[in-house]
Amino acid sequence: MDVKACHYLLALEEQRSISAAARALGLSQPALSKFLSLTERQLGQQLFIRSSPLLPTEAGRIYLSACREILNVRQRSYASIFRLGAAPQQILTIGVTPYRGSRVFSEIFPSFTERFPHVQLHLRECYMREMKEAIRRGELDLSLGTLTSEDETHLCFASSSYEELCLSVPLSHPAASGSDDSATLFPTTELQRFSDAPFVMWGAETTNARVIESYMSRFHFSPTVIYTGNNALLVNELLKTGIGVGLIPRSFCKPHENRVYFSLWPPVQTFIGIFYQKERILSPAERYFIFLVLRNAAESGMDIYYNKLSRGIIREFGG
């Protein structure tokens with residue numbers, strides 16, 4: 001089994017059509033059909049059922065698994081060899097937030113360096129306002145974070161997911177009886193019910209602050225603010241103590257933490273992804289990095305939202 005044959009067979013599996021796979025590989029349909037028939041005669045096994053869509057047989061699934069492993073071993077071997085003293089061909093500086101962004105970066109880093117061993121990644125931790133300014137000044141190549149619709153007038157944004165901001169309410173508040181501290185589906189409520197409560201708010205460096213302030217302004221709601229902070233973990237820990245009410249991402253809403261949660265109506269949402277300068281032409285390494293961010297969101301069980309840019313990158317790398 002040679003590498004070219006592996007690519008041909010995996011293209012057939014991915015495209016589910018001989019004609020579509022031939023176009024993707026830059027071959028004629030008769031040539032690819034002849035290759036498949038010859039391979040099956042040599043093996044003495046049918047690899048694909050000639051249906052629409054094209055489907056692998058049991059023998060085909062075993063053979064395709066071997067193809068993937070061969071290509072993975074080849075890629076890992078080349079990457080290991082290239083790392084031996086090779087100077088980086090490209091340096092990418094990536095902006096991340098201290099909590100979520102750093103976690104995502106650590107999860108995708110091994111896959112990126114395996115495919116692009118000559119590309120060096122530099123990490124810069126900062127909050128969203130600083131990150132956007134650094135992108136505009138050209139100090140960062142790509143950034144992981146959240147944007148508002150206003151930001152997209154001067155930044156390109158490949159969205160990966162969206163997340164609801166839920167209301168964290170201490171058990172001591174009278175409205176807390178309307179929810180359950182072990183629930184994962186939260187009842188809906190309105191901000192006006194909490195006009196008497198002290199609020200923990202997000203700092204001006206965060207996108208959450210802009211989203212929440214815009215939402216409150218729509219409903220003419222002016223909270224009594226007892227603390228403002230940019231650090232997501234600190235905001236969350238303060239709310240756990242029960243000192244006040246605040247809006248936090250749904251992923252922070254854990255049961256049995258001395259508080260209950262509500263969904264606001266209408267809901268408050270933020271969109272998460274990766275962004276860069278509007279006029280920037282992405283390199284293959286940059287596009288693959290974005291693909292890994294998008295794939296990570298899907299594998300993490302987040303609520304997926306791919307815009308046009310994201311869908312194009314997903315298609316490019318066969319996701």
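Mentor: Let us begin with a definition: axes are lines fitted to C-alpha atoms, for helices over the stretch in contact, and angles run from 0 to 180 degrees between N-to-C directions. Helices are DSSP runs (H or I, at least four residues), numbered from the N terminus. The model is predicted, so local features need pLDDT of at least 70 and side-chain atom pairs count only at pLDDT 80 or more, while totals for chains, interfaces and linings use all residues. Residues are numbered from 1 along each chain as its sequence is written, and side-chain values use heavy atoms, with hydrogens and water left out.

Trainee: Why is α1 called oblique to α2?

Mentor: The axes of α1 (residues 3-15) and α2 (residues 18-25) come within 8 Å and cross at roughly 125 degrees. Angles under 35 degrees count as roughly parallel, over 145 as roughly antiparallel, 65 to 115 as roughly perpendicular and the rest as oblique. Therefore α1 is oblique to α2.

Trainee: What makes Ser 310 buried or exposed?

Mentor: Ser 310, in helix α10 (residues 308-316), has a relative accessible area of 0%. Buried means under 20%, exposed over 50% and partly exposed in between, with a 1.4 Å probe and protein chains only. Ser 310 is therefore buried. Ser 310 touches Ala 158, Ser 159 and Leu 294, not counting residues up to four places away in sequence; contact means heavy atoms within 4.5 Å.

Trainee: Why is Arg 115 called partly exposed?

Mentor: Arg 115 lies in helix α5 (residues 100-115). Its relative accessible area is 39%, so Arg 115 is partly exposed.

Technical notes:
Helices (H or I, at least four residues) and strands (E, at least two) are DSSP runs, numbered from the N terminus.
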